[in-house]
Amino acid sequence: MKSIGFFSKKWVGSVFSVLLLSFFCLNSASAQSNFPSGSTRGNTEMTRNVNPLSVPNVDVSITQPRTGAQMAFSVQVLLLLTILTLAPSLLILCTCFLRFSIVLDFIKRSLSLQQVPPTAVLNGIALFMTLFIMFPVFRQVYDKSFKPLSDGTITSFEEAYKEAEGPIKIFMYNQMGASENGKKYIASFMNMARVEKPETLDDIPMYVIVPAYILHELTVAFKIGVFLYIPFIVIDMVVASVLMSMGMMMLPPVQISMPFKLMLFVLVDGWGILTQQLFNSIVR
């Protein structure tokens, strides 16, 4: 009985609190609806001087081509969008950016560095070094292909493409022509494509010289990376043998050898020598 009385009192108190809260809310709403005397009344109507917001109507219509010229124009637009999509890949694979980025990543790993310098910084260095070296080639492409096409001297996209691929093809062949591996890669892809033996450089298709150039650049970059690794591996071996002789087998040798490798790399001006040798490997 005591518990029933307690719950009944509690229920009555809750109902009373709800009624009291509702009474205060109604009073506050009525007080807000009645403005005091002397106050300025607002107007929510829009005047005629205010122009409404106009949203343009966008209409996209797709029609079937009725002539061969319209069909050719649609194909050209599609090819242009495809080339713009593949432009970063073309910049990476058809220039010396591939060699620079791989060598810079090798030097970072040989110094036992994990986060410094960041990969974005190394790629930026490789990109600007590539633009510095490839600027004469890009200038030739602009003068022979893009500028005549914009001026109207060249009217067809096919002719502009042939004029543009010439300087790039010459650059890639000059990098591979001085090495036996480059000639071997070109001959291998010519045999796989079943293309006859070329008489001149113009007879080598672009789809043959590009993969051959990529394999050549990968080979050269890994060779340079191996030569960069050798002095730093010697330092690691010396530090590891000293730690083993002192009985510090639980101490990682990388933590001790990394400062010595950094001091050696800075004292011999490693960045300057590396950059100069990379330039010399491209521009002979």
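In this predicted model, the side chains of Lys-261 and Asp-236 meet in a salt bridge with an N to O distance of 3.3 Å, a salt bridge being defined as a side-chain nitrogen of Lys or Arg within 4 Å of a carboxyl oxygen of Asp or Glu. Lys-261 lies in helix H9 (residues 253-267) and Asp-236 in helix H8, so the contact ties together parts that are 25 residues apart in sequence; helices (H or I, at least four residues) are DSSP runs numbered from the N terminus. The two partners are also described by their accessibility, for which buried means under 20% relative accessible area, exposed over 50%, and partly exposed in between, computed with a 1.4 Å probe on protein chains only. Lys-261, at 0% relative accessibility, counts as buried, whereas Asp-236, at 23%, counts as partly exposed.

Residues are numbered from 1 along each chain as its sequence is written, and side-chain values use heavy atoms, with hydrogens and water left out. Because the model is predicted, local features need pLDDT of at least 70 and side-chain atom pairs count only at pLDDT 80 or more, while totals for chains, interfaces and linings use all residues.

The structure holds four salt bridges, among them one between Glu-217 and Arg-99, whose closest N and O atoms are 2.7 Å apart. This pair links distant parts of the chain, since Glu-217 belongs to helix H8 (residues 206-245) and Arg-99 to helix H4 (residues 97-110), 118 residues apart. Glu-217 is buried, with a relative accessible area of 0%, and Arg-99 is likewise buried, with a relative accessible area of 2%.

Another of the salt bridges joins the side chains of Glu-165 and Lys-169, with an N to O distance of 3.9 Å. Glu-165 and Lys-169 are four residues apart in helix H6 (residues 157-177), and are therefore separated by about one helical turn. With a relative accessible area of 17%, Glu-165 is buried, and Lys-169 is buried as well, with a relative accessible area of 5%.

Turning to the cysteines, a disulfide is a covalent bond between the sulfur atoms of two cysteines. Under the criterion applied here, a pair of cysteine sulfur atoms within 2.5 Å, the count comes to zero disulfides.

Definitions and conventions: Helix = DSSP H or I, 4+ residues; strand = E, 2+ residues; numbered from the N terminus.
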